[in-house]
Amino acid sequence: MTATPETESVVRPVPGRSPNPGPHRSSRRSWPYLLAAFLVLAVLGGGGFVVYRTPLVGVQQVEVVTASCELGADVVDAVKSAADIPEGAPLMGIDLVAVRRNALTVPQIASAAVSRRWPHELLITVTQRTPMAVTSANGAMWLLDATGLPYLKVDRSAVPGRLLTVALATPGPHDAPTLAALAVIGELAAPIRVMVSSVRARSPYDVELDLLDGRTVIWGSPDKGAQKIQILPAVLAQPGKTYDISDPDYVTVRS
């Protein structure tokens with residue numbers, strides 16, 4: 001029996017190719033990437049800290065503006081006070097929703113929007129309520145806006161002269177007589193309006209105008225307002241004390 005001689009295989013290195021790198025060589029190659037990632041995170045973290053936590057990008061000015069009309073200094077001050085923004089507070093950290101909610105607590109403000117102006121300004125854009133009439137409620141005088149909301153208490157001496165006084169049982173934006181009275185006031189042409197001293201509304205179908213000379217116009221509902229305005233000067237030219245134009249097709253005059 002012939003024995004087969006054992007052979008030994010030898011792996012020779014290929015010229016120009018380095019031996020298999022060990023774990024130490026791999027670690028040395030990856031450390032620059034780890035350092036770069038660390039530096040990026042540090043920069044981002046530092047930037048976030050500066051923006052959110054320091055006054056470097058802080059509020060230096062709160063501006064209150066409107067596109068509808070000129071704002072009085074008292075309204076501007078009231079909005080700024082309600083917004084309650086400390087000087088130097090980080091601009092990015094301002095809760096815009098909360099600022100808007102605070103601005104709307106000012107009675108004269110109907111709507112508000114808040115935005116940032118980088119790097120140091122907060123802009124509050126508001127719409128101011130327009131008074132349509134004045135009414136008495138709970139022993140005080142209140143301005144009414146177009147929605148019927150009694151939004152601001154005023155002294156009798158401070159009521160704007162152009163506003164008509166409306167007698168209402170329960171003034172409010174959901175009160176039908178309130179809305180009817182405001183609709184009638186909105187219809188009144190200037191020559192008629194200057195003749196009116198006050199308005200009464202017992203129901204949405206029973207609006208009356210009290211004239212400065214003591215006469216009364218029974219207007220009825222706001223329906224057919226344009227027709228009523230057209231005929232009223234001729235009706236008032238007739239002698240009488242009470243003029244019923246609730247149905248402009250069947251006018252009655254009573255002494």
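I start with a cut-off: exposed means over 50% relative accessible area, buried means under 20%, and partly exposed lies in between. I also note that this is a predicted model.

**Entry 1: salt bridges**

I searched the whole structure and got nine salt bridges. I took arginine 202 up first. Its side chain meets that of aspartate 206 in a salt bridge, at 3.5 Å from N to O. It also meets the side chain of glutamate 208, at 3.2 Å from N to O.

How accessible are these residues? Arginine 202 has 52% relative accessibility, so it counts as exposed. Aspartate 206 has 21%, so it is partly exposed. Glutamate 208 has a relative accessible area of 10%, so it is buried.

I then looked up aspartate 249. Its side chain forms a salt bridge with that of lysine 224, at 3.6 Å from N to O.

I checked for shared partners next. Salt bridges that share partners join Arg200, Arg202, Asp206, Glu208 and Asp210 into one network.

**Entry 2: threonine 178**

I moved on to helix α4 (residues 176-187), which holds threonine 178. Is threonine 178 buried or exposed? Its relative accessibility is 0%, so it counts as buried. I listed its contacts, leaving aside neighbours within four places in sequence. They are Gly148, Leu168, Thr170, Pro171 and Gly172.

**Entry 3: the largest pocket**

How much space lies in the largest pocket? I noted about 160 Å³. I wrote down its lining: Cys69, Glu70, Gly72, Asp74, Val75, Gln108, Gln128, Arg129, Pro131, Leu143, Tyr151 and Leu152. Which elements give two or more residues to this lining? They are α2 (73-83) and β6 (150-154). I sorted the lining by class too: six residues are nonpolar, three polar and three charged.

Note on methods
Residues numbered from 1 in each chain as written. Predicted model: local features only at pLDDT ≥ 70, side-chain atom pairs only at ≥ 80, totals over all residues. Heavy atoms only, no water. Salt bridge = Lys/Arg side-chain N within 4 Å of Asp/Glu carboxyl O. Buried < 20%, exposed > 50% of the residue type's maximum accessible area, 1.4 Å probe, protein only. Helix = DSSP H or I, 4+ residues; strand = E, 2+ residues; numbered from the N terminus. Contact = heavy atoms within 4.5 Å. 1 Å grid on protein atoms, 1.4 Å probe; cavity = no way out; pocket = protein on both sides within 12 Å on 5 of 7 lines; lining within 4 Å. Points joined across faces, edges and corners; volume = space filled by probe spheres on them. Nonpolar A, V, L, I, M, F, W, Y, C, P; charged D, E, K, R; others polar.
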